[in-house]
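Here's a quick briefing to read with the structure open beside you.

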Amino acid sequence: MKHFTTIKDQDRKLDIMDHVNQDHHKELLIIAQTYGKNNAIDDAVIVDIYEEGILLHTQDPFSVAKQDLFIQFELKGDLEEQILYLAYNSFAKQKIEFSNNAKQFFEVIEKSQVSQNITRLTIKSQIALPQYYAGYAYGFILKVLEKAPEINISSSNKSSVLKNIVDRGFLWVMKHLSAQKRQKLMENMNKDIRLYTLRQSFGHEGQDALNYGYVDIFTHGNSLGSQWVQQLNVGSLISSRTETDDKHDHLQNGAAVLIADETAYPALAGILDFWSNPHPPLVILLCANESDLDYFKNYDFPENSIIKNIVGSLENQSIEIIEILNEFEHLDNVWGALENNVAKKIRHYFRNERKLQGKNNHIKGYWRLQKAH
């Protein structure tokens, strides 16, 4: 293979590889099929990233061994932006919606507090919610709808053509903007969308269809999400633009640790609801306000779970987490969701100190602390 330029920040590169391989398999597959000019490709994994592009291992039903596929970047800028562009371009070429485009509508039928800063929305969905809700999340649009919208099940050829034109126009704009302006554009596109986890799905009065659910939201300060929750009342109609499931199959075996702050309590609880690993988990709960631990006050953790609480500001959070982890000699798998910079430190600790590979090291940044200007 031709010599390509090694990326200097290896931790940054591995963070991106792990994130895309763990959470964006569908997008990666479309990239491989499009740039590999082979729609039979049914598996694709990033094995390296260089300054010039990404190296994939791909496989299709007609080949025994994995094939190398190098895809050159088409932008100059941040690695994540360049991979995002490859994905968007691939979806546009195949005339597939880039997002899940899973527009869904819900009615708020109850609103309550489950802890001092965590608000529970009981929602009713027009279509059945997933039975396996562990870590399942919706990208809610932070608006309140005034009336129930009609769902357009079929799309006309005219609208498809228009969508394809818009997609290609967006690609042209992305390609010709500076990296800074591209980032601003993406932020503006997603500024009114927040991912919130489906805490639980259930039927109503003995019905089999799971059209009801809980969405638990950590409200803090004057954030856009907190303002949105304040506007919601019983009868409010809300919608989501995307939906995504969490990847945590690696937790089914071995000694596992789960780390979550208040924003991830619903996802953590959902994963533990379906716990099947014969080894009891180590659970580390983080919070700024001790009262939010009430979220788990009546929760039945898996038998013999080890629960550790860290209460306080973000400043020393990563240090305190690592101090707890160092008490345990053997840890096979980790799942975590917390503030972005803290998540990065813990992810790098497991990678560099505990030698956990990407498939066993799932630590996500659920939110990012905004620095005061």
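Arginine 12 and glutamate 80 make a salt bridge, with 3.3 Å between the closest N and O atoms; the term stands for a side-chain nitrogen of Lys or Arg within 4 Å of a carboxyl oxygen of Asp or Glu. Arginine 12 sits in helix H1 and glutamate 80 in helix H3, so the pair ties together parts that are 68 residues apart in sequence. Helices (H or I, at least four residues) and strands (E, at least two) are DSSP runs, numbered from the N terminus.

This is a predicted model, so local features need pLDDT of at least 70 and side-chain atom pairs count only at pLDDT 80 or more, while totals for chains, interfaces and linings use all residues. Residues are numbered from 1 along each chain as its sequence is written, and side-chain values use heavy atoms, with hydrogens and water left out.

**Salt bridges**

- Arginine 12 is partly exposed at a relative accessible area of 30%, and glutamate 80 is partly exposed too, at 38%. On this scale, buried means under 20% relative accessible area, exposed means over 50%, and partly exposed is in between (1.4 Å probe, protein chains only).
- The whole structure has 13 salt bridges.
- Another of these pairs is arginine 351 with aspartate 11, whose closest N and O atoms are 2.8 Å apart. Arginine 351 belongs to helix H9 (residues 340-352) and aspartate 11 to helix H1 (residues 10-23), so this pair ties together parts that are 340 residues apart in sequence.
- Arginine 351 is buried, with a relative accessible area of 11%, whereas aspartate 11 counts as partly exposed at 22%.
- Lysine 308 and glutamate 327 also meet through their side chains in a salt bridge, at 3.7 Å from N to O. Lysine 308 is in strand E12 (residues 306-311) and glutamate 327 is in the loop between helix H8 (317-325) and strand E13 (333-339), so the parts they tie together are 19 residues apart in sequence.
- Lysine 308 is partly exposed at 27% relative accessibility, while glutamate 327 is exposed at 52%.
- Shared partners link Asp11, Asp15, Asp18, Arg347 and Arg351 into one salt-bridge network.

**Strand E5 and its partners**

- Strand E5 (residues 118-125) has seven of its eight residues buried, so the rest of the structure largely encloses it.
- Strand E4 (residues 104-115) runs antiparallel to E5, and eight bridges join them; strands count as paired if DSSP finds at least two bridges between them.
- E4 and E5 make a hairpin with two residues between them, and glutamate 110 has threonine 122 in E5 as its bridge partner.
- E5 also pairs with strand E8 (residues 212-218), antiparallel and through seven bridges. Here isoleucine 123 stands opposite glycine 213 in E8.

**Helix H6 and its cover**

- Which residues of helix H6 (residues 224-231) are buried? They are Gly225, Ser226, Trp228 and Val229.
- Looking down the axis of H6, these buried residues fall within an arc of 160 degrees, so they line one face of the helix. The arc is taken from the directions from the helix axis to the C-beta atoms.
- An α-helix has 3.6 residues a turn, so residues three or four places apart point the same way.
- Cover for the buried residues of H6 includes E4, E5, strand E6 (137-141), strand E7 (193-202), E8 and strand E9 (237-244).

**Nonpolar cores**

- Within the largest nonpolar core, of 24 residues, Leu258, Tyr265, Leu268, Phe296 and Trp335 touch the most other members. Such a core is a set of buried Ala, Val, Leu, Ile, Met, Phe, Trp, Tyr and Cys residues joined through side-chain atoms within 4.5 Å.
- Strand E10 (256-260), helix H7 (265-273), strand E11 (282-287) and E13 each give two or more residues to this core. The largest share, six residues, comes from H7.
- Leaving out residues up to four places away in sequence, phenylalanine 296 touches Tyr265, Leu268, Ala269, Leu285 and Phe301; contact means heavy atoms within 4.5 Å.
- There is a second, separate core of 22 residues, and Ile49, Leu69, Phe73 and Ile83 are among them.

- The chain has nine helices and 14 strands, and 47% of its 373 residues count as buried.
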